[in-house]
Structure formats: structure tokens, C-alpha cells
Amino acid sequence: CMKRFVGIFLVVLLFAACKQQPKQWFSAAPEIDLAKKVDDSFASGDWTAFRSTFADTAKIWVNTSWDQPSLSPDTLTAGYRTAREGMTEAKLTNSVYEMIVTDDGDHWVHRWGVWEAKLANGKSTSWASNASFLVSDGQIRIGAYIFNALPNYLANQPEPPPAPAPAKK
């Protein structure tokens, strides 16, 4: 009888140890679709759609640390609108999206990709970009963008004047 009890106890223990942990990593989710909407609306210049993805109280950081003042969704939209107006075309390539659900139940979407753009001055540029969004109730509550702005800055500089011809001897 004791052997049977120990056997049953070990089987129960084995099943308890195999309990599935909740899934915390996702490559498809409504929150990811929201992040894609942000990128698609930037690419197309649809600022109404872009702004609608952010909660009115969202806090957003662009190339700064979390201890710096955040931007409002309206300020971000205005800034990105101005930046996009200097481009005749913009598209996101090599993008990867994922969502994690933290132990506290927060839904964070992360996106990595490369933006490619044709500028109004005829030049082309590209830059690597990361965006992270805390999403709840179908809207972005916190956003953080990190990208290298130097390629755009350099591509928007005027061409230097030609070097003077060497003096004749």
C-alpha cells in the first residue's frame, strides 16, 4: 500500500512540475498591430491615424533617457510631421516586432527596423530605429524611440562648394 501511495505521489508531483507557464512572448497580437499602425501612418503621412494610436496622457521619449522630460502625443506628432515633410518617400524595412507580457501583466511592444527615405533635396538616406510602446486599452501609454539622426542631418546639408582650382604656375 505504501509503494502505491509513493508511486501516486511521484506521478502527481511530476504532473505538477510540468505545469505550463503562461506565454509571455508574442509575434502577433493586437498591440503589435497598433505599433504597425504607428509606422504605417508615419510612412504615409497620415497624422490623424498616427495621433490616434496614442492616449491623450501618453508620455513619449525620443532619443533621450527616461529621466528627461517626456513629449506629449501632440508634440511628437507635430515634430514627426515636420520631419516627414522633408521626405518625398519613407518606408520601414527589415522590421521585427515582438510583444512581451511582463510578470506584472504590462504589454510592451518592441520594434526594430531600418527606415529608408528619399529626401526633398533628391538624396536618399537610411537609419536604424527602435521603438518600444507600453500598450493598454488599445492605446499607447508610454513610447520610446531610439534612432541615429545623423544620416538624416548629413543628407539634409547643402553640398559644399567646389574646391577652388589649383593656382597655375
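This is a predicted model: local features need pLDDT of at least 70, side-chain atom pairs count only at pLDDT 80 or more; totals for chains, interfaces and linings use all residues.
Residues are numbered from 1 along each chain as its sequence is written, and side-chain values use heavy atoms, with hydrogens and water left out.

Let me begin with the overall architecture. The protein has five helices and six strands; helices (H or I, at least four residues) and strands (E, at least two) are DSSP runs, numbered from the N terminus. Their order along the sequence is α-β-α-α-β-α-β-β-β-β-α. The protein has 169 residues, of which 33% count as buried; buried means under 20% relative accessible area, exposed over 50%, and partly exposed in between, with a 1.4 Å probe and protein chains only. Of the contacts between residues at least 6 apart in sequence, 53% join residues at least 24 apart, where contact means heavy atoms within 4.5 Å.

I turn now to helix α2. This helix has 15 residues, and the distance from its first C-alpha to its last is 21 Å, close to the 21 Å expected at 1.5 Å a residue. The expected span is 1.5 Å times one less than the number of residues. Buried residues in α2 are Glu 31, Ile 32, Leu 34, Ala 35, Val 38, Asp 39, Ser 41, Phe 42 and Ala 43. Just after the helix, Gly 45 takes a positive phi of about 75°.

Asp 39 itself has a relative accessible area of 4% and is therefore buried. Not counting residues up to four places away in sequence, Asp 39 touches Leu 92, Tyr 97, Arg 111 and Trp 115. Its C-alpha atom lies 10.0 Å from that of Ala 90, a residue 51 places away along the chain.

Trp 115 is buried because its relative accessible area is 4%. Beyond its neighbours within four places in sequence, Trp 115 is in contact with Asp 39, Phe 42 and Ala 43, with Ala 90, Lys 91 and Leu 92, and with Thr 125, Ser 126, Trp 127 and Ser 129. Trp 115 and Asp 39 are 76 residues apart along the chain, and their C-alpha atoms are separated by 9.8 Å.

The next element is helix α4, residues 73–85. Its 13 residues should span 18 Å at 1.5 Å a residue, and its end C-alpha atoms are 18 Å apart, which agrees. Which residues of α4 are buried? They are Pro 73, Leu 76, Thr 77, Tyr 80 and Arg 84. These residues cover an arc of only 95° around the axis, so they lie on the same side of α4; the arc is that of the directions from the helix axis to the C-beta atoms. The buried residues pack against α2 (30–44), α3 (47–52), β2 (54–62), β3 (87–101) and β6 (139–147). On the face turned away from the buried side are the exposed residues Asp 74, Thr 82 and Glu 85.

Next, the largest pocket. About 310 Å³ of space lies in it. A pocket is found on a 1 Å grid over the protein atoms alone, as an open set of points where a 1.4 Å probe fits, with protein on both sides within 12 Å along at least five of seven lines; lining residues have an atom within 4 Å of a point. Grid points are joined across faces, edges and corners, and the volume is the space filled by probe spheres set on the points. The lining of the largest pocket has 18 residues, and Phe 42, Tyr 80, Ala 83, Trp 127 and Phe 147 lie nearest its centre. The elements giving two or more residues to this lining are α2, α4, β4 (107–119), β5 (124–136) and β6. By class, twelve lining residues are nonpolar, four polar and two charged. Ala, Val, Leu, Ile, Met, Phe, Trp, Tyr, Cys and Pro count as nonpolar, Asp, Glu, Lys and Arg as charged, and the others, Gly among them, as polar.

Asn 63 lies in the loop between β2 and α4 and has a positive phi near 55°. Asp 137, in the loop between β5 and β6, also has a phi near 55°, and at 73% relative accessibility Asp 137 counts as exposed.
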